[in-house]
Amino acid sequence: MGMLASSSLRISFWIFLILSYEILSAQTLDTHQFSQLFDSIEILNHSGRYPEAFQLSNDLYQKSLDSFGDKDPLTANACQALAVAYLYDSQFSEAEPLLQKCISIRKALYGNDHVELSTTYNSLATLYSDAGEPQKAVPVLEEALRILKIYYSPGHSSFAQTLNNLGVAYDLLGNPQKAIEMYQQSLAIKLASDNTSPLKISNSYNNIAAVYEYNNELEKAIEYYQISLGLLEDNGMQNSQDYALSLMNLGVVWTHAKNYTKAEKFLLAARESANKVFSETHFKKGFILFNIGINLLETGDHTAAKPLIYEALNIFRANFGEGSYYEMPCFMALGNIQQHWGGPDSSLYYFKTALEIGEQNLGETHAEVIVALNNVGAAYDKLGNFESAIHTFRTAKERHQKKFMENGQAVLPSVDYLDAHVNISNILLGTYLQTRNTEIFQALNDELSKALYIFNELKTGAKDGLTGQVLIGSSYNLFEIALKTALLQDMTKAFGFAELGKANNLLATFAEQKAVKVAGIPSDVLEEEYQLELQTSFLEKQIAIKIDNLDFSNLAVSSHQLDSIKLTLAEFKSKLEKDYPHYYRLKYDLSTASLAYVQDTLLSSSQTLLEYFVGDSSIFIFTVGKGKYDVVEVKKDFPLEDWVKQLQQGLYGYYGKNRTEQNDGLYRQTLIQYANIAPKLYEKLIAPIQDKLTDDLVIVPDGVLGYVPFEALLKEKPAQATNFATYPFLVRDHRISYCYSATLLREMKEKRHKQEPTKSFVAFAPFYEGSYEKAESTVDIRFDTLADGRDTVIIDDVVTRKEFKALPASGEETATAAKLWKGDYFLNSDATEQRFNDVAGDYRIVHLSTHGIADARVGDYSYLAFAEQKDSIENEFLYVRDLYNTQLNADLVVLSACETAQGELQRGEGIISLARAFAYAGAKSIVTTLWTVDDSASKDLTKEFYLQLRKGKTKDAALQSAKMKLVNGKDAKRQHPFFWAGFIGVGDMSDIK
């Protein structure tokens, strides 16, 4: 709806209201006046203006009694209108007698089959569902449907609301399959009708989204919630209850997806919106407060979460009394808080209370009741009451099975079902370690086999990448239990479990790329697929940027376009898999690299693979090499996450600051912090296996270890904190590279490009402000020494590649490398994103000397900056998600920019970074950065790196040499690891042919 139409609508509202209140000033009403007032109430409700609708409804009801008496059909209409107004204000005790009175009047006038009874039954069913009694709503709605079928053929618009309300009731009763069937029928009818209000259509999208979320189809849920919000915004309904609740729902699904920063943004916007439209004690405001609290709980802020949970609980009690369904999630949250604070007795009380409320209101087999059972079992486990814990978990399993039998369905795996098996496995493992009872060990293996089977079923059935990632992240404790169990019987199997949860989404991409190459699919077919994926990526990016700015205008159109393209793409891929069965087999072959393959084929004799698995209670370090294999368990009895943060602060807490914030005190503080914490991390991460190491290390980090530059770890505290010559850096003894998993290292090493690159080298330096002549005049290629001069920056300054300033050294950097490799380079306004997209696929080495920004909240929106074109839209940023549909043929990509290996940390999947995105795009190896790097030092380091590569060294050896040039150089300041340790190599480290 355009601005003019919206303005006209607002003017019409006010004219309508003025006329309505003039009519009410008359002593009695006639039928025409009644009709005008009734229509005014409908318009107010559809536009979300509930307080005005309530006032008008109350006045109309009183006038109707005076004008028509309490047996008249118009009085029945007014009675229902007032009841609906009470419903919007959650005053159920006031609404129900009015609805019953309306039913009595209509039955007395028309009998039991009159069509107007169906509308009253719908209002009564809404009351029951909102009051937490959906079991009462279903028979009422079935009666409404019976009546409608007498009057209308299937698909008539009159069925829409009843089907929608029936979906709500089934949803609350824990039958999502039936719920979504009703919702979709209702939506189809609404969309086919010309007079359905946007509010009602928005409501259908919202309800369907909720079922998708329940079914763990998270991307679909987010899409439908966004459409719902967009419809409300396009129709000027930002100040409605529905808008506030839609914002909340989008926040909740992002909490579910474990993106807590994004969730917080929507939840706080929902609270701000709710403050305008809800009273302080309205039960729906309680929903918003509760979900803000849950998001805080998920981030570990239990102190801030607790008062919000209590506030929501008090609101629910004020509306529904004690023991209502709405108290159940509050008690579950309070139980989790007490468990965190070390109060197992009180947490058991809260979980049991939640369970009792759930059983009374929802029945024994409802999904939320099964979650409560798992929590009760966990509380028993914490108390050491293992017998009760196992009994409770087994009860949860049995009820899950019973739930599907009641619905006449085969038992489908769910996360709750998986949790019960995992929890039992964990207790059995602990019991076996204490007793060494072989029967318990057999039971453990049986339970673990079932859990792994359920996990694989869930993983295979995941409808989208986001859902699959959430599953892997939440199942990491399963891998830890399986790993520990394997170490008790066959330690070689443990390696497979360490690999199982790592970088699955990236592996799936590699598998699909490999399948395309091998299956012999015609190039025109692949081009069609590529164009569809390109359109999908473009629309996803545009929508996501709008949503991130809380802009939902015109979203429905874009979302429907995206839906249509995704459907076309899905149909295309389905046909592809049918027509090319070999492609299908290869695409879904996600088997991990075997231990034997890693030892015999993947690694050279000089290499040792160090693979880390960071569990909840232990860190497991796998050392793999030619003829050797070992696993060491390090108890996680130290604050790993805090230590990594301290290391980061020590490494770039001074030089990463703006010049105005740097001072001698900060320099000493960060240096001491680094000198203290780096040896501690070495002691935990390297010392336990140092006697097994060879010269070349391939490190597969896990979790927060992805932020650690192992080269900068110290074997012991330095003799002199201010003298870097005394620092025992790990880089002095080892050539170090990284990868996302051993399986991904296999894929990157064995990767065959779609087409062999025809050119050697290309570089981009969009923030160099000089000419090509000036850049080339600085080129000084030597094969023996590294130039020490800082000729392009003031000696005491550090120009970082983060803030969008000029990068004076980037011209020399790119010109030198291009000259060395007889390649091409683009400076300043020539270095555009469009040019990168046009030419990068032709080169064996791609070098980017620019600014980069890592988004630790939403990794897909980390980006590299290119030269801005004023006549183009957003073409200066190359986002992670843009690279998912970019085709490179590079053996090496060098990201000489800031934070290109940083990004959003997803458990199991790793850090969603620019470096990782270049692996998606086809690069066999990447040199990337962990923090805000210095312009001039980066120039010198990459220059030496390329010189050593030209000598024939492997990439990891060349990178070590470049770093040691700085460590041993004449410039004492650049010996600080800030200037060299941020550059790391990822993937295939073989030499450039």
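A: C79 has a relative accessibility of 0% and therefore counts as buried; buried means under 20% relative accessible area, exposed means over 50%, and partly exposed lies in between, with a 1.4 Å probe and protein chains only. The model is predicted: local features need pLDDT of at least 70, side-chain atom pairs count only at pLDDT 80 or more, and totals for chains, interfaces and linings use all residues. Residues are numbered from 1 along each chain as its sequence is written, and side-chain values use heavy atoms, with hydrogens and water left out.

The cysteine sulfur closest to that of C79 belongs to C102, and because 5.5 Å separates the two, they are too far apart for a bond. A disulfide is a pair of cysteine sulfur atoms within 2.5 Å, and the structure holds zero of them. Another cysteine, C739, is also counted as buried, because its relative accessibility is 3%.

Helices (H or I, at least four residues) and strands (E, at least two) are DSSP runs, numbered from the N terminus. In helix 37 (residues 914-921), eight of the eight residues are buried, so the helix is largely enclosed by the rest of the structure. Among these buried residues are R916, F918 and Y920. After helix 37 comes G922, which has a positive phi, near 125 degrees.

Strand 6 (residues 759-765) is likewise largely enclosed by the rest of the structure, because five of its seven residues are buried. Two strands pair if DSSP finds at least two bridges between them. Strand 6 is joined in the parallel sense to strand 8 (residues 843-849) by five bridges, and there F761 has I845 as its bridge partner. Strand 6 also runs parallel to strand 7 (residues 824-827), with four bridges between them; here A765 stands opposite L827.

The axes of helix 10 (residues 198-214) and helix 11 (residues 218-234) are 8 Å apart, at an angle of about 165 degrees. Axes are lines fitted to C-alpha atoms, for helices over the stretch in contact, and angles run from 0 to 180 degrees between N-to-C directions. Helix 10 and helix 11 are therefore roughly antiparallel; angles under 35 degrees count as roughly parallel, over 145 as roughly antiparallel, 65 to 115 as roughly perpendicular and the rest as oblique. Where the two helices meet, with contact meaning heavy atoms within 4.5 Å, the residues of helix 10 include L199, Y205 and Y212, and those of helix 11 include Y224, I227 and L231.
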